[in-house]
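Good morning, colleagues. Please open the structure on your screens, and I shall walk through its contacts, strands, salt bridges and surface.

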Amino acid sequence: GFSVDSGTGLTRQRELSFVSGAPRANHTGAVLILRRDSANRLVPEALLPGHQLTSAFGHSVAVLDLNNDGWQDLVVGAPHFFERQAELGGAAYVYINPAGRWHLATPLRLTGTRGSMFGIALSAAGDLNHDGFEDLAVGAPFDGAGKVYIYHGSNLGIVAKPAQVLDGEGVGVTAFGYSLSGGIDVDGNLYPDLLVGSLSDTVVLYRARPVVHISRNLSLVPPNINLEQSNCQQQEGVWCPPPRLAPPVALCPSLCPPLVLQYVLDADTERRRLGHAPRGAFLGRRQSDPEHQFSGTVELPWQRARACGAATFRLHDSIRDKLRPIALTLAYGILGTEAPQRSRRVALPRLPPLAPVLSPQQPSSHRTEVHFLKQGCGEDKICHSNLQLRAHFCARLGDADFVPLPRGEDGTAIFAMSDQKDVALEVQVTNLPSDLAQPQRDGDDAHEAALSANFPPELPYSALRLYDGRAQAPLLCHANANGSRVECELGNPLQRGAQVHFFLILSTSGITLQTTELAVELALSTISEQPGMMPVVVRARVVIELPVSVTGVAVPTRLFYGGVVLGESAVRRERQVGTGVSFEVTVSHRGQALQTLGSASLTLLWPQELPSGKWLLYPLQLQLEAPPGHPVPCTPRANPLRLTLEPPGEAEPPEVPPPRLGSWWVPTPAEKKKNITLDCAQGTARCQPFRCPLPSLDRVAVLRARGRLWNSTFLEMPISIYLDPEVAVAGGVPWWVVPLAVLVGILVLALLVLLLWKLGFFRRVRAVPPAVPQYHAVKIPREERQQFREGKTGTIQRKEW
């Protein structure tokens, strides 16, 4: 019972039902539809549950017929509804009655801004615009100073976009829209008014203004323009039709004061939007009106009254544009319309009447066109044209005439881009009978004959040139701002037997290295009868020939190595690497400067490593200089070890070649080794490709590269060095080398002899006697010896051993 409403036709036709809101039911809210039983008790028949927790679903309800189907619809407010991500706050659920079966109803949700309490108040506003459908008012008191949204009903239910928004700031009221009451005619003009309440002790009355529905008609006499016959009597000109305005007016079902309609008739509207002058002028116009406008007023004294106005339009002589029709636009409005009266308090017993307004659902303007009469179409006045198109690409060198491009084996034209500033598309259009034996079948005048061409971005339109300097029919081409589309008027009409031959000059400034093909789509059009006209695509294959020369120089031309071996981790500065070398590569372009070279680049193969993976030529800096602009770095970046570079301009110490060393032995031819060239193509070195982009190339681009020979790599290599006899004879031996070598040899020989003598090399070795038994000897005196005794006796006695 927090909110209640009632109506007939909610559950059954011609039966009264009650609607009650319960915004706290089940924490989501609910709405009950009740009926009265035989005991005069309210019995629930349908339950509509809420859709979000704590959304206060059922805080307000409104019963009204939005689609005028005889069944009452239901709108339920949920002012506490919110969606944080979408910044929504407050909702009103619109239920279109499905013939009393509420369990089949699917609501449409209308939402307000965050924190606006949209839907806190609902009211059936009645039929505000008298279109046969009831309208809805929804309050949002905390949307700024407060707003009230007006939604119109329709045969589909409700229009989701609000037709009008009432703002409390305009009437100086805050919390505007906290309560609503509508559907009551306060001032007696048969239109429902609306009362809007607030929390600032103020009620605002909005009175509905009468809505006027106008039926208008714009007729032209004669309906077409005949350029061969003038209908301007006692006036200069070709065509003078009097456009007539006949607007019967239907007002709301009430007696309204007389109305005065002001109208403005405008001619050649689209042509003037393109910046062209109008092709005619109105006669008898006001001094303040331009020549292409005619303004006036008509009075409508009562409802459904009819009033007419007339104006004469004169066509200028010798107009060039006979292709497009002349558009006439009629705009009208109620003269002296005042804004609706908005008052915070009403003190007068009688309210003044309000001025009517035009229906917003009806356009306040009317447009019609007048066409030129077609001539040369035979007795049946039906033109059967036979427009034929032939086109191909042409090129020229210098100021010579255009010549067709050569074709490849597949028949496609080949465009060799070198120094051409433009290319031409030769176009020939003819209107000849297809069968000379029966010329009446086709080949009639082609009215509004036109050619449209669509060009690719690489080939924009530049200019128009006739084939021989003259044409049988006038030729006029219009291009858009970027030159991607051109429309040419071939003639109006292009008469029987006529032909148009011309060149479309196209600029080659947009061709890049990525351009491989040029395709132009051509299409003929005419309002004459000619079925089967299809667009024609002209293609050409692009071959870019750039007159580019590449030269290079290396400084110095010879490199030397020597010193001590340093590991890679021990190298910190540039000079610790080895001898420096600089390369300068110049790219010269002698042809036309292209707009962009796209992905074109200069690739330098840098001998960075040996096949073993050791450093060979260490890259320090690489950059490309192509004026105008700043130097362009190459990729990948040089100096991968991030060594400390020397300041620019610092002088390098002069390289002194190491002395030639060699041995005095002469190797055999088999022992000689051949010279080895460190080349990536031969596999004796590994190259690092450095890519230097060429964003634009006008004339010259210079690639400057700097590196150093990795000294330690050559010191670690086992290299045998010998003296070539041919080189020795040719070069000679210094005189002091011979005596020095003799002295060194004598000294070495003396040291060798001394060493051998110390080691006993020169001592003589005696022969060793045979081995005999060794005995211990005892000295026997002479007197005791056996020989001495035998000498005295004279006998010798041998002892047994």
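Among contacts in the protein chain with a separation of 6 or more, 68% join residues 24 or more positions apart, contact meaning heavy atoms within 4.5 Å. This is a predicted model, in which local features need pLDDT of at least 70 and side-chain atom pairs count only at pLDDT 80 or more, while totals for chains, interfaces and linings use all residues. Residues are numbered from 1 along each chain as its sequence is written, and side-chain values use heavy atoms, with hydrogens and water left out.

The protein chain has five helices and 48 strands; these are DSSP runs numbered from the N terminus, with helices being H or I of at least four residues and strands E of at least two. Of its 801 residues, 39% count as buried. Buried means under 20% relative accessible area, exposed means over 50%, and partly exposed lies in between, using a 1.4 Å probe and protein chains only. The accessible surface of the chain is about 47300 Å², and 55% of that belongs to carbon and sulfur atoms. The areas come from the Shrake-Rupley method with a 1.4 Å probe, and for residues only the protein chains shown count as cover.

Apart from neighbours within four places in sequence, T586 touches S549, V550, T551, V700, A701 and V702.

I turn to strand pairing, for which DSSP must find at least two bridges between two strands. Strand β2 (residues 16-22) is joined to β3 (residues 30-36) by five bridges in an antiparallel arrangement, with L32 as the bridge partner of S20. Seven bridges then pair β3 with β4 (residues 42-49), again antiparallel, and here R35 has V43 as its partner. Five residues separate the strands of the β3 and β4 hairpin, where N40 takes a positive phi near 60°.

Elsewhere, three strands form an open antiparallel sheet in the order β15-β16-β17. Its edge strands, β15 (179-184) and β17 (203-206), each pair on one side only.

How many salt bridges does a search of the whole structure find? It finds 23, a salt bridge being a side-chain nitrogen of Lys or Arg within 4 Å of a carboxyl oxygen of Asp or Glu. One of them joins E45 and R12, at 2.5 Å from N to O. E45 lies in strand β4 and R12 in the loop between β1 (3-8) and β2, so the pair ties together parts 33 residues apart in sequence. Both ends are partly exposed, E45 at 29% relative accessibility and R12 at 38%.

A second bridge links R708 to E574, with the closest N and O atoms 2.9 Å apart. R708 belongs to strand β48 (residues 700-709) and E574 to the loop between β42 (548-555) and β43, so this pair ties together parts 134 residues apart in sequence. R708 and E574 are both buried. Through shared partners, salt bridges also join R12, E15, R35 and E45 into one network.

Finally, the surface. L749, L752, V753, L754, W757, F761 and F762 make a nonpolar patch of about 760 Å². Patches consist of residues with over 30% relative accessible area and no salt bridge, joining like charges within 9 Å and nonpolar side chains (Val, Leu, Ile, Met, Phe, Trp, Tyr) within 5 Å.
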